[in-house]
Amino acid sequence: MAVGGTHNSRLLIDAVALERRVALIENDRLTRLWIDRGGPARFDIHLGRVSKMMPEMAAAMVALDGLPDGLLPFDRYNGPLHEGQWVLVQISRLGFDDKGVKLTGRIAIEGVGMILRPGANHIELPRKLKDGDRRTELHELLSSLQAGQDGIMLRSVALDWTRDAITAEYKLLKSQLQKAEKALSEASKPQLVSKAQSETDQVIERHLMAGGQCVVDGTNEFVWLRGLLTMLGKSDDNLARHVGSRLLFHDQDIEDEIAAALAPRVELQGGGWVAIDPATALCAIDVNAAGADAGRDSETRAVEVNLRAAAEIVHQIRLRNIGGLVVIDPLRMKSRAGRDKFDAAIRDAFGSELDGAVQIGGFTRLGLYEFSRQRAGESLRATLFAKQERAPLLRDAALNAVVRAVVAESRNGVTGMVNLSVNPGVAKALADQADAIQILTNAFGGTPKIVADPTLEDDAYRLEKNHHE
């Protein structure tokens, strides 16, 4: 997602802890949150070694330094591959869920003002540059710098740079390439040879370069960004440091917006609500009227609630960073015109993402609406919460599971007076269920002593002989 500066957008940076949190505020609403804890970054360049060939997947696994083996598709590497081969690769997609990193052998070294693509053999200038004389001047300069088969793509931010600044940028990127090539020629073990900017750094830099407002809570981060602007010859008028007794995200109510973005239910302005249920295979979204516009014509009501939901759904997909297949169950619309309006509203909300990141499937025969969105790292929920392999049991289910297991132990010879330690919730359920206590009393020949142990979860229990009988 490209982030630039407009009068309606600003970045809030929380850099007071070990992680950085960057909130994009557009039209006074949180639209995206990045959380940076360090670690691997997209476009990191590694020296790796092919650990396994997988022709059935048209790919090879590559051993990396400090990371699980990455996947290198055959069509993303120029030349043959074989097991044990040393390769220069770049991270093209970060790992998420149970998927490892995806790699490419087509290296692109990104700088502030240009991108260097070894072997691409071309020079590319931004389309926005319409001045013919300036285009000629820049093309001649890049041609004079170009070594061998280098591909050079100049960024828009560098259009007003001096010749010396552009030359220095090219030499810096070229030195990174030479460092990587030297590592390959002397390969002895996998290693990280060139560290790329994190996505968070790129977002901040693009925003500042475009003149966007940026508010920083954290002295070191503020000093660093002010120094970056000075180095690039840019004004720091739009960079502000947050001061006050409250933290920036609390002061701007961002913490509340983050909490709302993790909730399964989202209220719609004007009535109705949306339920968002992300799962491993897909994200299911249900649109509910909930009494909105009660008494009106059902078709008109359905269309209006669905149109309110369409913009909010896209907003939530972006904010929660949800990728993969998304299936929406909108309110039933009988008319083709209503369905067309909903489809248009979804497309309009996604805007430029339709150029590649989002693929629209449209309505199915059952009235569901489908689209897929390219995954870009972990979702907001996965960034903040540990993956839960097993959902907590309902209290009644846990209670019955414990009773069954304990009765089974009585049949294996455990009888008499016993202490039964269980989860506090199950202990309370036992206290409320005389029938359950009677079952246990019949099984052991005596009433067990129930002990609430907060270290035990769900249907876990501990059965011990009571030596004071």
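This is a predicted model: local features need pLDDT of at least 70, side-chain atom pairs count only at pLDDT 80 or more; totals for chains, interfaces and linings use all residues.
In the pair formed by α1 (residues 132–145) and α2 (residues 163–185), the axes come within 11 Å and cross at roughly 35°. The crossing of α1 and α2 is right-handed. On the α1 side the contact involves L138, L141, L142 and L145, and these meet R163, I166, T167 and Y170 in α2. Sorted by class, the contact of α1 with α2 comprises 6 nonpolar residues, 1 polar residue and 1 charged residue.

The axes of α7 (298–319) and α8 (residues 336–350) come within 9 Å, with a crossing angle of roughly 25°. Angles under 35 degrees count as roughly parallel, and α7 and α8 are therefore roughly parallel to each other. The handedness of this crossing is right-handed. From α7, the residues V303, N306, L307, A310, A311, V314 and R318 take part in the contact, and from α8 the residues G338, K341, F342, A345, I346, A349 and F350. The contact of α7 with α8 divides into 10 nonpolar, 2 polar and 2 charged residues.

For α10 (residues 395–411) and α12 (residues 434–444), the axes come within 9 Å and cross at roughly 15°. The helices α10 and α12 are therefore roughly parallel to each other. Their crossing is left-handed. Residues V403, V406, V407 and S410 of α10 are in contact with A436, I439, L440, A443 and F444 of α12. This contact of α10 with α12 contains 8 nonpolar residues, 1 polar residue and no charged residues.

Empty space within the model was then examined. Rolling a probe the size of a water molecule over the atoms shows where empty space is left. The structure holds 1 cavity of 30 Å³ or more. Two helices, α3 (199–209) and α4 (219–231), each supply at least two residues of the lining of the largest cavity. By class, the lining of the largest cavity has 4 nonpolar residues, 1 polar residue and 2 charged residues.

An open site was also characterised. The second largest pocket holds about 520 Å³ of space. A total of 27 residues line the second largest pocket, and R29, L30, E312, H315 and Q316 lie nearest its centre. At least two lining residues of the second largest pocket come from each of β3 (29–36), α6 (254–261), β16 (265–267) and α7 (298–319). The largest share of this lining is supplied by α7, with 8 residues. The lining of the second largest pocket divides by class into 10 nonpolar, 8 polar and 9 charged residues.

Methods. Residues are numbered from 1 along each chain as its sequence is written. Side-chain values use heavy atoms; hydrogens and water are left out. Axes are lines fitted to C-alpha atoms, for helices over the stretch in contact, and angles run from 0 to 180 degrees between N-to-C directions. Helices (H or I, at least four residues) and strands (E, at least two) are DSSP runs, numbered from the N terminus. Angles under 35 degrees count as roughly parallel, over 145 as roughly antiparallel, 65 to 115 as roughly perpendicular and the rest as oblique. A crossing is left-handed if the near helix is turned anticlockwise from the far one by less than a right angle, and right-handed if clockwise. Contact means heavy atoms within 4.5 Å. Ala, Val, Leu, Ile, Met, Phe, Trp, Tyr, Cys and Pro count as nonpolar, Asp, Glu, Lys and Arg as charged, and the others, Gly among them, as polar. On a 1 Å grid over the protein atoms alone, a cavity is a set of points where a 1.4 Å probe fits but cannot get out, and a pocket is an open set with protein on both sides within 12 Å along at least five of seven lines; lining residues have an atom within 4 Å of a point. Grid points are joined across faces, edges and corners, and a volume is the space filled by probe spheres set on the points.
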